[in-house]
Amino acid sequence: MTSPEPVESRTQNRTQGRSAQTATLAEIAREAGVSAPTVSKVLNGRADVAPATRARVEDLLRAHGYRRRRAEATRSPLIDLVFHELESAWALEVIRGVENVARDAGLSVVLSESAGRLTPGRTWADQVAARRPHGVVLVLSGLDESQRALLTSRAIPFVVMDPAGDPGADVPSIGATNWQGGLAATRHLVELGHRRIGAISGPTQMMCSRARVDGYRAALETAGLPVDTDLIANGDFHHEAGYRLGLELLRRPDRPTAVFAGNDLQALGLYEAARELGLRIPEDLSVVGFDDLPVAPLVGPPLTTVRQPLTEMAEAAAKLVLDLGREAGTPAATRVELATSLVVRSSTAAPAVG
């Protein structure tokens, strides 16, 4: 008869003279008032466990510092890719990057969306635990404490790409130099001679959006230009926001002669607003986007934008999550920012005289 599976406790510390204390699944089951097979079902992400029972067992597993050993974990040939929203060309570039890495590793990609929430629902975490993928890549999303504990206890590594907020010092992440990109976009407009430069930001709760606007502000301040908060509009990274907020900015009697649109989709919405008001780009209005989506060089006129290496970022995130899942240990760098770069096309020019 085999002995119950041991649970490793963080309270163990032989180097400080403490005796080794381990809890078995049977002991956790007794403490939870359930059977050992029920604890095993929770560990394996089975759905046939009552929510209250699952929560009680999970709390005890966390309290005992249970961490499933990688050698014990039977992984499915999958990478989970989670978006907070899955509806734009931006997402397609990310999917392409993750699939490139997954294909080379002989894995498939499972896509899911958290319906605009910055943290996936609990049901998602249970499903991932049941699938036991090689790892999870979260895009513009994050995990709450219980979700992180659940994945950690199953030895399922996770990486956040372009985190919406500060992911925490211990959370692996891949990002881009958003502040530098906002600075470069606005400095380009300043160097062309623009003095009234507007901005359409993304969601204010997203770290990448705030960093781009901070770069915009820094460029204006460095040039000795005032930051007019009336010329900064808070968008949501969607085409409709660029159109709606663009109309508001361009209908002002002291309208800006240039706008940093925060991302390419909002820039395209701004194009539509300018056309509706009879303004020509770049003769009457210069526009800079952010992302350099495949559509950027194809619109009329081709869009000046900040290239965010989305596919490379996604590849880096997928490679990192696979590295974290290997026995070799933690990679040297688990928080990485890839460089952005300004791509000048035909949507920017010197402001009209007079």
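A salt bridge is taken here as a side-chain nitrogen of Lys or Arg within 4 Å of a carboxyl oxygen of Asp or Glu. Lys and Arg count as positive and Asp and Glu as negative, while His and the chain ends are not counted. The structure is a predicted model, in which local features need pLDDT of at least 70, side-chain atom pairs count only at pLDDT 80 or more, and totals for chains, interfaces and linings use all residues. Residues are numbered from 1 along each chain as its sequence is written, and side-chain values use heavy atoms, with hydrogens and water left out.

The protein has 11 helices and 14 strands; these are DSSP runs numbered from the N terminus, helices (H or I) of at least four residues and strands (E) of at least two. Of its 354 residues, 51% are buried, where buried means under 20% relative accessible area, exposed over 50%, and partly exposed in between (1.4 Å probe, protein chains only).

Asp162 occupies the loop between strand E6 (158–161) and strand E7 (173–176). Asp162 is buried yet has no salt bridge, for the nearest side chain of opposite charge, that of Arg212, is 4.4 Å away. Leaving aside residues up to four places away in sequence, Asp162 touches several residues, including Trp90, Asn178, Arg212 and Met313; a contact means heavy atoms within 4.5 Å.

Arg212 also lies over the face of Phe290, at 3.8 Å from the ring centre. A charge sits over a ring if NZ of Lys or CZ of Arg is within 6 Å of the ring centre and within 35 degrees of the ring normal.

Phe290 in turn forms a tilted aromatic pair with Phe260, 6.4 Å centre to centre with 50° between the planes. Rings of Phe, Tyr and Trp (its six-membered ring) pair if their centres lie within 6.5 Å; planes under 30 degrees apart count as stacked, over 60 as edge-to-face and the rest as tilted. Because Phe260 lies in strand E10 (residues 258–260) and Phe290 in strand E11 (residues 286–291), the pair ties together parts that are 30 residues apart in sequence. Phe260 is buried at 2% relative accessibility, and Phe290 is buried at 0%.

Backbone features remain to be described. Most residues other than glycine have a negative phi, and most peptide bonds are trans. Asp291, in strand E11, has a positive phi near 130°. Asp292, in the loop between E11 and E12, has a positive phi of about 60°. A cis peptide bond joins Ile281 and Pro282, with omega about 10°.
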